[in-house]
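Student: Hi, I've just opened this one and I'm new to it. Can you walk me through it?

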Amino acid sequence: MEQKQYKRTTVTAALPYANGGVHIGHLAGVYVPADIFARYLRLKKEDVVFIGGSDEHGVPITIRARKEGVTPQDVVDRFHSMIKKSFEDFGISFDIYSRTTSPTHHDMASNFFKKLYDDGKLLEKETEQYYDEEAHQFLADRYITGECPHCHNEGAYGDQCEKCGRDLSPTELLHPRSTISGSQPVMKKTKNWYLPLDKYQDWLKEWILEGHKEWRPNVYGQCKSWLDLDLQPRAMTRDLDWGIPVPVKEAEGKVLYVWFDAPIGYISNTKELLPDSWEKWWKDPETRLVHFIGKDNIVFHCIVFPVMLKAHGGYVMPENVPSNEFLNLEDDKISTSKNWAVWLHEYLVDFPGKQDVLRYVLTANAPETKDNNFTWKDFQERNNNELVAVYGNFVNRALQLTKKYFDGKVPTCGELNDVDKLALDELKDVKEKVESLLDTYKFRDAQKEAMMLARIGNKYIAECEPWKVWKTDPKRVETILYISLQLVANLAIAFEPFLPFSSAKLRNMLNMPQVNWNELGNTEILKPGHQLGEPELLFEKIEDEAIEYQLKKLSDTKKANEAEAYKAKEIKPVIDFADFEKLDLRVGHILACEKVKKANKLLKFTIDDGSGKPRTIVSGIAKFYEPEELVGKDVVFIANLAPRQLMGIESQGMILSAENFDGDLSVLSLLKEVKPGSQVG
Ligand SMILES: Nc1ncnc2c1ncn2[C@@H]1O[C@H](COP(=O)(O)OP(=O)(O)OP(=O)(O)O)[C@@H](O)[C@H]1O
Ligand SMILES: [Zn+2]
């Protein structure tokens, strides 16, 4: 398909929700690829704006504020600053990072809605919804809890039961309660305004399914499954007080739906950045609009927002929506509420100055076509085996040898032999390769291609062995290092969109202040006689201890979550005292204890049960105790349990122990000394 030529590009990255920090999933899914793309276009001297901002409306923010006893504004102020700082720290090069509570945005979103309303593009619908008569407000889904009709979990929400995972509607809940006042809500009529997505279904099918077959399969596929079903009108207003007031007289006490207002934020933030020229970035058909998002945002960016833009009129449609799938962490879904994440602000404390290592790993392992997994082991290996051993090593060899033999001055290039020619040939088409991958949003492969330069370099220098040749043919070494240095200069350029901090550092070492993307592939970037700067290490090895520390942090989080989620099992049905009396519980003194051979779970106990004859009990607790720990202790055991054969040993009873929520085990012991054989009851 012929590529359309555009005059300029508007790049947007999903507006992060301002009720938490930024984690690696956000970076990998959205912000690193968006940043690579924006940097790449800037390097090519194309016209580009890169738009970001915080999404600051919606129910979770009001719930959080209520819980903390602060205002929603306090919540969003806190997280907006935190998010903004993380993006700056990691070099996410937004031209503007604003927020949806800004006055510009309130006006923009409000006017946008007003136009749709005035033009008759919205449906007015009356429905019945839960209302809290004590708090005098309608209750959004998350403000209602009750019993799940399916699994009878008592803490199900109006939109979902977190225990059985089913989607619910508020009216399905048994015994609904308002989470605000605790009172029982009543049904009350309310009016809201709907976007009739159904009326745009044919247009959407044409535009996406016919017109954008080049979109990523995951994006195209999700759109197709939406468009294969009948789209329904979707409410664009809510009965809430935190948000942008609906600019219609009869809508008092209502605000715009957060997914109506948030994407308009891209437009508002462009206006904030360019008050006089923002329109061309959104309305000129020669503008290419590209949305970077994660997969849970696809429907909003490919269906809802385009319908809003279409209904409004005058706006361009997105040219592409290169959405990623999800990144998991050590095989579990990343979750803000469960603190299962690597937070950027914490990463920087543990790995100061290593922003690029994370950027590199997240791109190398980006969830471009399917969900992917971040592991600390992989992080360490990619750093040590790729950044240090391939990229850093090559740069260091080339610069150190130039310093040693030529005082850090670029030598002259002599006659080329076949090895030289091959290396230079391999370098020449890197620009075309990287560009064609970046142009089609294949960031993983593009970065791999950039890394090829360092692989070529290592191979070249290992084959030429300048440290050996120096003794016999110093002239030849000039050529070898000349070529190596050109490869290094190319690396600095090729990695500029991916690893901006390292490229800056490397350019500094090369004394090459300017980046000129067009020189990528050029074999004469550094001129003979050019004085290089001081060589330093570009990357450093990450030791096992640093990785173990991170894994420990995660396992502590997991334990804390389990402890928090722990609920005692239900009590068994009532029994008679006579039933209890059948059980003969006794105190036993452990005389000896040993591991059972060939059975890694079992311990064999020899117990004084007061009868004068030692008793043998086999117990499956070897994982929790060393045999020596238990010798000499008094324990409680069931004395009249039918004997059992375990690994050829007859076990005459059972030692009592308690199982902790995390699977750990504690043998029951006594607070005072009592004689072996004493009855327990
Ligand atoms: N683990 C992940 N992998 C890839 N993309 C992600 C991941 N988590 C969030 N995103 C994307 O990051 C963008 C901003 O996320 P948003 O602030 O809405 O948080 P979220 O999806 O609620 O995440 P969380 O629940 O972890 O806070 C969205 O486009 C979302 O799809
Ligand atoms: Zn349930």
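**Sheets, a helix and a ligand**

Tutor: Let's begin with an open sheet: 4 strands in the order β5-β4-β9-β10, with antiparallel pairing. β5 and β10 (234–235) are at its edges with a single partner strand each, so one side of each has no neighbour in the sheet. Before we go on, this is a predicted model: local features need pLDDT of at least 70, side-chain atom pairs count only at pLDDT 80 or more, and totals for chains, interfaces and linings use all residues. Residues are numbered from 1 along each chain as its sequence is written, while chains are lettered from A and ligands numbered from 1 in the order in which they are written.

Student: Okay, and what counts as a strand, or as a pair?

Tutor: Strands (E, at least two residues) and helices (H or I, at least four) are DSSP runs, numbered from the N terminus. Two strands pair if DSSP finds at least two bridges between them.

Student: How many bridges join β4 to β9?

Tutor: There are 9 between β4 (residues 123–132) and β9 (residues 186–195), which run antiparallel.

Student: What holds β10 on?

Tutor: β9 and β10 run antiparallel and are joined by 2 bridges. Tyrosine 194 stands opposite alanine 235 of β10. As a rule, strands of a sheet pair through backbone hydrogen bonds, either parallel or antiparallel.

Student: I see another sheet. What's the strand order there?

Tutor: The order is β7-β6-β8, an open sheet of 3 strands with antiparallel pairing. Its edge strands are β7 (156–157) and β8 (174–178), each pairing on one side only. β6 (residues 144–147) and β8 share 3 bridges, running antiparallel. Across that pair, isoleucine 144 stands opposite serine 178, and threonine 145 stands opposite arginine 177. On the β7 side, β6 makes 2 bridges, again antiparallel, and glycine 146 has alanine 156 as its bridge partner.

Student: Is histidine 175 buried or exposed?

Tutor: Histidine 175 counts as exposed because it has 9 C-beta neighbours inside 10 Å. The cut-offs are 20 or more other C-beta atoms within 10 Å of a residue's own for buried, 12 or fewer for exposed, and partly exposed in between, with C-beta atoms placed from the backbone.

Student: Where does aspartate 407 sit?

Tutor: It lies in the loop between α12 (376–406) and α13 (418–428). Aspartate 407 also has a positive phi, near 55°, and is not a glycine. It is exposed, since 9 other C-beta atoms lie within 10 Å.

Student: Switching to helices: what's going on with α9?

Tutor: α9 (residues 298–312) has 15 residues and reaches 20 Å from first C-alpha to last, close to the 21 Å expected at 1.5 Å a residue. That expected span is 1.5 Å times one less than the number of residues. The helix bends by about 30° at phenylalanine 305, and proline 306 follows within four residues. The bend is the angle between axes fitted to the seven residues ending there and the seven starting there.

Student: Why is α9 called largely enclosed?

Tutor: Because 11 of its 15 residues are buried, the rest of the structure largely encloses it. Among the buried ones are Ile298, Phe305 and Leu309. After α9 comes glycine 313, with a positive phi near 85°.

Student: Which residues come nearest to ligand 1?

Tutor: Of the 19 around it, Ala14, Gly25, Gly29, Gly294 and Thr336 come nearest. A residue counts as near if its C-beta atom, placed from the backbone, lies within 6 Å. Helix α1 (residues 24–43) gives the largest share of the shell, 5 residues.

Student: Last one: how is the protein divided?

Tutor: Into domain 1 (1–120 + 210–231 + 257–372), domain 2 (375–567) and domain 3 (577–680). Those bounds come from an automatic or database domain assignment. The C-alpha centres of domain 2 and domain 3 are 63 Å apart.
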